[in-house]
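Have the coordinates open and follow along.

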Amino acid sequence: MKIVVAYAWAPDPQEASVGADGQVDFSRAKPVVSEYDAVAIEVGRQLATATSSALVGISVGGPATGTPVATKAALSRGLDEVMVASDAALADAGTTRTAQGLAAMVQRLGDVSVVLTGDSSVDSGSRMMPPVLAGLLGWPVLSDVQKVSVTADGVTVERLLREGVQQVSVTGPVVLALASDATQPKAPGMKDVLAAGKKPVTKLEVADLGPAVAEGTVVSTAKLTGPARKGIVINTADPAAAAAELVGALRAAGVIGSTGGQA
Amino acid sequence: MPFQLSDEQLLTRSAVREFAEAEILPIAAEIDRDHRAPLESIPKMGAQGLLGMIIPEKYEGAGSDYLSYMIAIEEVSRVCGTHGVMIEAHTSLASYPILHFGTEEQKMEFLPDLATGRKMGAFGLTEPEAGSDAANLKTTAVRDGDDWVINGQKIFITGGGYAKTFVVFARTNPDVPSHKGISAFIIDRDTPGFTIGENEQKLGIRGSSTTPLMFSDVRVPNSRMLGQPGQGFEVAMNTLDGGRTGIAAQALGIAQGAFEAALKYAQERVQFGKPLTTKQAIQRMLADMSTDLAAGRLLVYEAADLEDRGEEYAIPAARAKLFCGPMASRVTTQAIQIHGGNGYIMEYPVERMFRDARITEIYEGTNEVQRLVIAKSLLR
Amino acid sequence: MSAYVVVAGDAGITEVINAAVKVGGPVTAIVVGSADLAQQVAAPGVDRVVWLGDPGDKPIEAYAPAVGALVVAAPAPVLSGRKPAERVLLGGAAAALQAPVVSSPMDVRSDNGQTVVEHGVFGGIALRTTAYDGPVAIVLDGGAAVNGGGSAAVEQAAASATTSMTVTSLQPNTATAADLGSASLVVGVGRGLKAQADLPIVEALATAMGAELGCSRPVAEGLEWLPRDRYVGISGQQIAPEVYVMVGISGALQHMGGCRGAQLIVSINTDKDAPVVSQSDYVLTGDLYSLVPAITAALS
């Protein structure tokens, strides 16, 4: 049996800069295995150890994804092996194209019981990749997973939803997106760093991933501008006076009621 | 000589940074304020492999190269100088001499506990009257049957408060020139007659538990002698050669932390309606600081790389320490200056970094001793 | 043109219907949930309601293949809200259609047979306008609940759920679930608060205002002082209240991306140089421990 973790080697958009024309420059942002994906790897490690399964990382991305430092970084977090497809043609791949590549990898690996993913990808944040991946595989999928335990014929999953804590039992293979606080990922240790280079890496070509899906055509880009803010500075030398001034202003704007509370 | 760090060295940096920011940064200010040794960090650092980096896997170490070890000290010191020297003194001063001068039995007995952090190590050389002049030490070891009986006192011993395994130097032969009559011993903390004094109250690196050691008729079996009789001074000097690079890396890390804090502050702080970074005076300081750091990093990495390649590194290590100690004092001073009044108060980390940096010009060989070592090599 | 709206157990889809109408009618709503929900979804703007059934002891997510099978029979753009089950049903549709996915749309329109979406990229740090020739899956904030009033009749479709998943228990949330997205007043608390024990200071302000309590991501995920569904940010709750009072929040990009839609932002922060200051309508620089109680007092 294999447990698979889908991860991305991506820079944090918070470190990117955005030009006046809306072009995003990632040249100064360092790619990493995101903290969300680190959670998935950590949970995968625990599951794989408990079930004596192999833990395989899979990743689809631009040329940086396939560099030795990228695969070693992922492996140093506890994966047993990785399978990657990295190509300039995949650098800007959308959710569906990425999911398609990941699905091709899961099928190629075979004998996979669970595919784990992080809560969201740092670079898109739409949290749509796991549902599309599951749809392509024809597998069920659950998000916001807090706990996973392996049963005789599948997994039991605990999810934290708005409605409350939900337990779901699943038979057969499944895609699970882990909540960002499902576990606290540990930094790789020094031995893990040195062991990473000795683990197997399988590289796939773009052609191995199936024909590309249609992507939209980018018509234009722009810098995101928020609404103009007033920037009124209230003197806080006397807190009571400052509070009275603020409350007066909010009441005058009609956004809070005259006796406190909502208008 | 350009350096291209290996993937493993790059990943060591990111892994140690992640660990240090998660586990060490949150307590760095508190242990400094309270002069508290962060004992809770010892098992954590042990589990990460940070307490046995240069120890071979055979003895439960990580088996990293020396340059990776320097990067780890740099990254830990970037958030906390105390933790940096905890790792450095334990590894470079206690584990290293056992690895290099110990018998196989001694290595098997002591290194696994040290490499995993189950026991911390410390190095007992300095005495009240033997600081830079180490050969002048007064502690004596007298042979009595199969044992040696040790009497005397050590001071300023890093990790004295929490270490279990001490590498201690004592005079075993008073009848030969002073540096030839010294031998090294491995001594358990629990040995009768061996007592640890109170923590010193220090300017900086306040959590590192610096204590005196007192020896009163401490009996140590001959099997615990490290190296040959009379080889102690060589053990000490060889150990300190390597330690210099470690302290240089600590200084580098402290300076890097202060530089990053100052850069961030300058970018966010607005004065006269504009960020500080728009002021030429600030830009100039930042440029000087980054140049200082780049130069210091090259010196540290070169010395470590030479050691990794089995080449002579003592003089490059002395140069690295002579440069990085004062550099760290310079950079942390500038970091305070950029912070203005905020740099002088404990709300911001740079005053702690400034205090932590100062010791790197003193311990494991003062600036003056490094100059002596370097000059001697030029003039021989 | 036509469009699908996917509904997963929750009628909070006003914005999804609005966007679907802009993509172009007729709009077909595909509903997984109770019969009542299907009736509620028959709201203005919806031309057809296809009810796939009540999930019973299945998670709603078990209907993703059924949604996929339905849309692939007549391909068109598919839209849904951002809640977990909505995303899974939408994903089932995207997979069946092999359609690209786009999130966080600012605007959607139909143009010469193309679906044109103006949307945030990389977690909302920049804007992009993308044109799609074929079907596309669009995920957005659902908005307020709809409650019938339209002309569409509810058709029941013969659909079956994936049998491999069963809900074995649900412990309802004892605390009232946060509803920040539709709240008109929100008070957010960040790491300027020194200890969890000090939360009542901020809670008192929220109570006095009649506001929902939100927070920055570290308060929910690192410190765990508040539940995760209360953090505001690009990856958390997207809020658009009339007033958002930010207490001890510095205003990192991740956070500001979640509250861009607020009409008025009030910031209370010790650091007069914090990023939030330039993005606030009212700036109070000072100690939250004296300012917040003063504002609470001024309200009562």
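## Domains of chain B

Chain B is divided into domain 1 (7-119), domain 2 (122-232) and domain 3 (234-379), with bounds that come from an automatic or database domain assignment. This is a predicted model, in which local features need pLDDT of at least 70 and side-chain atom pairs count only at pLDDT 80 or more, while totals for chains, interfaces and linings use all residues. Residues are numbered from 1 along each chain as its sequence is written, chains are lettered from A and ligands numbered from 1 in the order in which they are written, and side-chain values use heavy atoms, with hydrogens and water left out.

## Where domains 2 and 3 of chain B meet

The C-alpha centres of domain 2 and domain 3 of chain B lie 30 Å apart. Contact (heavy atoms within 4.5 Å) links 13 residues of domain 2 of chain B with 14 residues of domain 3 of chain B. The two domains of chain B bury about 1,100 Å² between them, 68% of it on carbon and sulfur atoms; buried area is the accessible area (1.4 Å probe) that two parts lose on being put together, summed over both. On the domain 2 side of chain B, B:Leu203, B:Ile205 and B:Gln231 lose the most area to domain 3, together 43% of what that side buries.

How many salt bridges cross the interface of domain 2 and domain 3 of chain B? The rule (a side-chain nitrogen of Lys or Arg within 4 Å of a carboxyl oxygen of Asp or Glu) finds zero.

## Chain A against chain C

Between chains A and C, 82 residues of chain A are in contact with 76 residues of chain C. The buried area here is about 6,700 Å², of which carbon and sulfur atoms give 58%.

Three salt bridges are counted between chain A and chain C. In one salt bridge, the side chains of C:Asp281 and A:Arg229 meet at 3.0 Å, N to O. Polar contacts between chain A and chain C come to 25 residue pairs, both at pLDDT 80 or more.

How values were computed
A polar contact is a pair of N or O atoms within 3.5 Å; within protein, one must be able to donate a hydrogen and the other to accept it, and residues adjacent in sequence count only if both atoms are side-chain atoms.
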